[in-house]
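Please read it alongside the sequence and the structure.

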Amino acid sequence: MPLSKLQFKPGVNREVTAYTNEGGWFDIDYVRFQKGFPEKIGGWQKRSSNSFLGSCRALHPWVALNRDQYLGLGTNLKYYIDEGGFYNDITPVRETTAAGDVTFAATNGSSEITVTDVNHGAVVNDFVTFSGAVSLGGNITADVLNQEYYVTEVVSSSEYKIEAREANTPIYDITVDGQLAPTLVQANASDTGNGGASVVGAYQINTGLDIQVSGSGWGAGTWSRGTWSSASTDAIVTNTLRLWSHDNFGEDLLMNVRDGGIYYWDQTGTLSSRAVNITSLAGGFSVPTIAKQVLVSDRDRHVIAFGCDTEANPGVQDPLAIRFSDQESLTDWQSTATNTAGELRLGSGSEIVTAVETRQQILVFTDTTLYSMQFLGPPFTFGVNSLSENITVAGPNAAIAVDDNVFWMGRAEFYVYSGSVQKLPCLVRDFVFSDLNEAEIEKVNATLNTEHSEIWWFYPSTNSTEVDRYVVYNYLEQVWYYGSLGRTAWIDRGIFDFPIAANTDGYLYEHEIGFDDGTTDPVSPISAYIQSSPIDIGDGEQFMLLRRMIPDVDFKNSTAALPDVNITLDVKNAPDGTYLQAQTDTFVKTQAASVDARTEQLYFRLRGRQMRFKIESDELGVDWRLGSPRLDIRPDGRR
């Protein structure tokens, strides 16, 4: 009897029942489609042995004029510039106290130090660097105090606590696996001093949240802000997720804390120099003090702030306002007849969510409407047009440009703009959105993997407060697939040879390199699989026997000595029935020169009316691609 070819439709379909999807794929993990056939995705390895603090949700690569390669990295605790795998902390300082405004108090036998500073404005996990302190008299020496510390507890608007640690241990030296690992120093009975009259505290900008939290009343914000110290209030204060936007201005860097200030790092300084607020730069005129996003228009070299304070009302954020600087200027934002600075305000929606630059325009998303912002030249500089109303966008990082097209994830749909706004037909839509944690939806991040023509959206599942799953749209083949992998930020290859992604363990990873999971030491296998929907055997009327299979598996670039995959067939008697039998066999690529891998066969002994096919691998160094397996199917003679 001739062999029957197993041919499956590319992509995964979860919008219909498994039986209706006969001839298609129904479940998948760590597998992609190329030219219509499934193959295991590439592996990943650590970019360096150094780690960063906090949850990274923003990456930005650029090259300086001297060809140095930089990677900006924003977390909820810090902002770093990665050069050669070392994280240089450039987090801006929000306030430096006068000498003598800070005092210390220690307790015998404890590493906990109480810091007194009237109106310190700090929150838990904030960072402050002390200088000018003298010894408290015992173990708490000047070198112990004169370091960068993080705030462990806020006692009141004038007091907070730190934990004394070993002298001369910079924060980057005690950052291990994304966490601080200090060697604590305990005070003794002689530590009765207060640090002297020359102590100065340099406070970095307040840290942000890595989990979305809503609350009211006491504890809802930083000291002396929002609803702090109120017994009760009808107002609801939402402490938003810490998100950064950033862009390079020539070889320098601009970054913005969402709903916070805009900061500037000058490349001509050193990597130990901190970024500064652009309001502090010389020659500033009407500079925005607060914004939701900042970008530099590549076409015309304007700095643009979205959801910022207006020129007429500085310090008061207008979530629908857009302002732009004079051309080629960081500091001149005052609109006059002799420059190109100016201001626009969008008419629909309650706030600007994000803006994405394409080759021809900037698309601006509010929570309800999509706008096109285009450079017009003097006297108006920019103009905006409404493109579509009643759209949604999942969050500030949920949209990405591919040439002149923009793809984004909404709150219940996927969309594309390619001259007009369209909903993307998605065969895994219900599967994704029914498993999305709506409370953490702002963590959705859209990424691009051009080597494989893929757009990935990483998102938190319903049982997770952190990103742990992904859904992929292959825009070349127009198919969808998904899997389980947590990446909080991602950049495509370009300046760097491989895509780079941030993980929740405090490390950056290079992707599409090797075939294994580099998050462990030693590396571990990637458990990749794909499983079909049930298939009628023959015409599905009578029982059939499955006897053997020609697998048709290409092991591509595998580095394992004997790469293998497991192939499972299971059968049942009716669409609503249960699978009665399952048989797994291992297909191994032989190294015997006298045997052609195409002649290898797998032998099964199964009987049923329907079957399901699964291929999976869980071995180091294995790379595989499935073709069109053949099955030897024979009538059983019974109905």
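How many cavities of 30 Å³ or more does the count come to?

1. The structure is a predicted model. In this model the count comes to 2 cavities of 30 Å³ or more.

2. The largest cavity has a volume of about 60 Å³. Its lining consists of Leu6, Gln7, Phe8, Trp25, Gly36, Phe37, Pro38, Leu626, Gly627 and Ser628. By class, 6 of these lining residues are nonpolar and 4 are polar, and no charged residue takes part.

3. The second largest cavity holds about 40 Å³ of space. Around this cavity stand Ile41, Gly42, Gly43, Trp44, Trp456, Leu485, Trp490, His511 and Glu512. The lining of the second largest cavity divides into 5 nonpolar residues, 3 polar residues and 1 charged residue.

4. As to secondary structure, the protein contains 56 strands and 2 helices. Along the principal axes, its C-alpha atoms fill a box of roughly 95 × 70 × 55 Å.

5. What share of the residues in the protein is buried? Of the 639 residues, 54% are buried, where buried stands for under 20% relative accessible area.

6. Among contacts in the protein with a separation of 6 or more, 60% are between residues 24 or more positions apart.

Terms used:
Residues are numbered from 1 along each chain as its sequence is written. This is a predicted model: local features need pLDDT of at least 70, side-chain atom pairs count only at pLDDT 80 or more; totals for chains, interfaces and linings use all residues. Side-chain values use heavy atoms; hydrogens and water are left out. On a 1 Å grid over the protein atoms alone, a cavity is a set of points where a 1.4 Å probe fits but cannot get out, and a pocket is an open set with protein on both sides within 12 Å along at least five of seven lines; lining residues have an atom within 4 Å of a point. Grid points are joined across faces, edges and corners, and a volume is the space filled by probe spheres set on the points. Ala, Val, Leu, Ile, Met, Phe, Trp, Tyr, Cys and Pro count as nonpolar, Asp, Glu, Lys and Arg as charged, and the others, Gly among them, as polar. Helices (H or I, at least four residues) and strands (E, at least two) are DSSP runs, numbered from the N terminus. Buried means under 20% relative accessible area, exposed over 50%, partly exposed in between (1.4 Å probe, protein chains only). Contact means heavy atoms within 4.5 Å.
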